[in-house]
Amino acid sequence: MAVVCEIRDLERLARRRVPKMFFDYANSGAWTESTYRANSEDFARIKLRQRVAVDMSDRSLETTLVGQRVSMPVVLAPVGLTGMQYPDGEIAAARAAAAAGVPYTLSTMSICSIETVAAATTTPFWFQLYVMRDRDFVGSLIDRAKAAGCSALVLTLDLQILGQRHNDIRNGLSTPPKFTPKHLWQMATRPGWCLRMLRTRNRTFGNIVGHAKGVDDLSSLSSWTSQQFDPRLSWKDIEWVKQRWGGPLILKGILDVEDARRALDTGADAISVSNHGGRQLDGAPSSISVLPEIVDAVGDRIEIHMDGGVRSGQDVLKALCLGAKGVHIGRAYIYGLAAMGGPGVSLALDIIRKELDITMALCGERRVADLSRTNLYHEGRQD
Ligand SMILES: Cc1cc2nc3c(=O)[nH]c(=O)nc-3n(C[C@H](O)[C@H](O)[C@H](O)COP(=O)(O)O)c2cc1C
Ligand SMILES: CCCCCCC(=O)C(=O)O
């Protein structure tokens, strides 16, 4: 049995257990992957300020996110095709998040539908929305999320056009998988995954198939996306989404100060500083590098979340110090899920919680709300 100490251990296990096309889908970025790499590398450059002889006996990671109490300021980010990493993966992730006291965000592009996840869980989850050309369908997704009791809507703004991901093109990624000799070989070398996958009926996009015109041909994900996603999405559409939804709204994919100011005008409850995990605009800066300027511009008027490159509790702490109230993790929990299903997601969350707690204590802080830039050295000097 492999020893799992950190998220990278789960990544190694996931690589061994999931067919290449699905592991690569999660583990890649767009084009040269420079932004994908920068997301993690820029975290590593930030140094922590050690403090000693501070009473650390009473510590807490609890806080609130968009008005909801959480056991730590971590959220499971929306991840498309989660159910191809592990059968019924969305249900497993939602249950693990609920047990850990953190929110789970179900993607529009999930394998298990909103209703399937709601029926299998008792804790409200968040729903992530993509805006498609067919606004009646988008409206129906919002209504379905409301009917399922979702407790926040995450509106993603940075993927109206799909960034080019070379691994997915090379792998001929599709869902359900095509049965070409290459794909059959990839699956045959992962027999555990195949056996488990045979036991579920959820093998294609549950929210979408059968619900909207022309969505049944999913053989080419990128051409399908360009047919269905609406490239005309603009700020004025956000008002419509906000009205129709009527609950907590988080705008995801903000990377620029001007866009952050624009987001403020929409009256959204939070923004998520994100470059989609380096999967969209390659060459864009890392999320952690732009977080401080966005916090300086709008942080006193809107709750700020972030994601991108978070692989440890130390990374979470650095983002909190730079002004994020919530930190969303994508691949960190997907590796756990792909490696061992629901228990793997729980393990990923346990690892991050423990690392965050220990790091906070060694920095001399007892509450996440007390973390600030004074706990960091940036580029070798103290901010
Ligand atoms: C495999 C995969 C699928 C994703 N699918 C979605 C999605 O459906 N909707 C969305 O808003 N973001 C999606 N994202 C982006 C994540 O929500 C998040 O922004 C990103 O994973 C953060 O970077 P990290 O993986 O380094 O933590 C996806 C990310 C990955 C890795
Ligand atoms: C049909 C594929 C669309 C991609 C949606 C999932 C996503 O956001 C991603 O980054 O991948």
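A residue is called buried if 20 or more other C-beta atoms lie within 10 Å of its own, exposed if 12 or fewer do, and partly exposed in between, with C-beta atoms placed from the backbone. This is a predicted model, in which local features need pLDDT of at least 70 and side-chain atom pairs count only at pLDDT 80 or more, while totals for chains, interfaces and linings use all residues. Residues are numbered from 1 along each chain as its sequence is written, and chains are lettered from A and ligands numbered from 1 in the order in which they are written.

**View 1. The whole protein.** Buried residues make up 50% of the 383 residues. The protein has 17 helices and 13 strands, which are DSSP runs numbered from the N terminus (helices: H or I, at least four residues; strands: E, at least two). Its radius of gyration is 20 Å, close to the 21 Å that the globule rule gives for 383 residues, so the protein is as compact as a globular protein of that length. The radius is taken over C-alpha atoms, and the rule is 2.2 Å times the number of residues to the power 0.38. The C-alpha trace spans about 60 × 55 × 40 Å along its principal axes.

View 2. The shell around ligand 1 holds 24 residues, of which A77, G80, S107, G277 and G330 come nearest; a residue is near if its C-beta atom lies within 6 Å of the molecule. Helix 2 (20-27) and helix 16 (331-340) are the elements that give two or more residues to this shell. By class, the shell has nine nonpolar, eleven polar and four charged residues. Here Ala, Val, Leu, Ile, Met, Phe, Trp, Tyr, Cys and Pro count as nonpolar, Asp, Glu, Lys and Arg as charged, and the others, Gly among them, as polar.

**View 3. Positions listed by UniProt.** An unreviewed UniProt entry lists Y25, R165, H276 and R279 under "binding site". These residues are spread over 255 residues of sequence but cluster in space, with a largest C-alpha distance of 13.2 Å. Y25 lies in helix 2 and is buried, with 24 other C-beta atoms within 10 Å. R165 sits in the loop between strand 7 (152-156) and helix 8 (166-171). Leaving out residues up to four places away in sequence, R165 touches S28, A30 and R279; contact means C-beta atoms within 7 Å.

**View 4. The loop at S312.** S312 is found between strand 10 (303-307) and helix 15 (313-321). S312 is buried, with 21 other C-beta atoms within 10 Å. Beyond its neighbours within four places in sequence, S312 is in contact with E6, I7, I352 and E355.

How values were computed. Two residues are in contact if their C-beta atoms, placed from the backbone, lie within 7 Å. UniProt positions are given in the numbering used here, feature names are shortened, and annotations may be inferred rather than shown by experiment.
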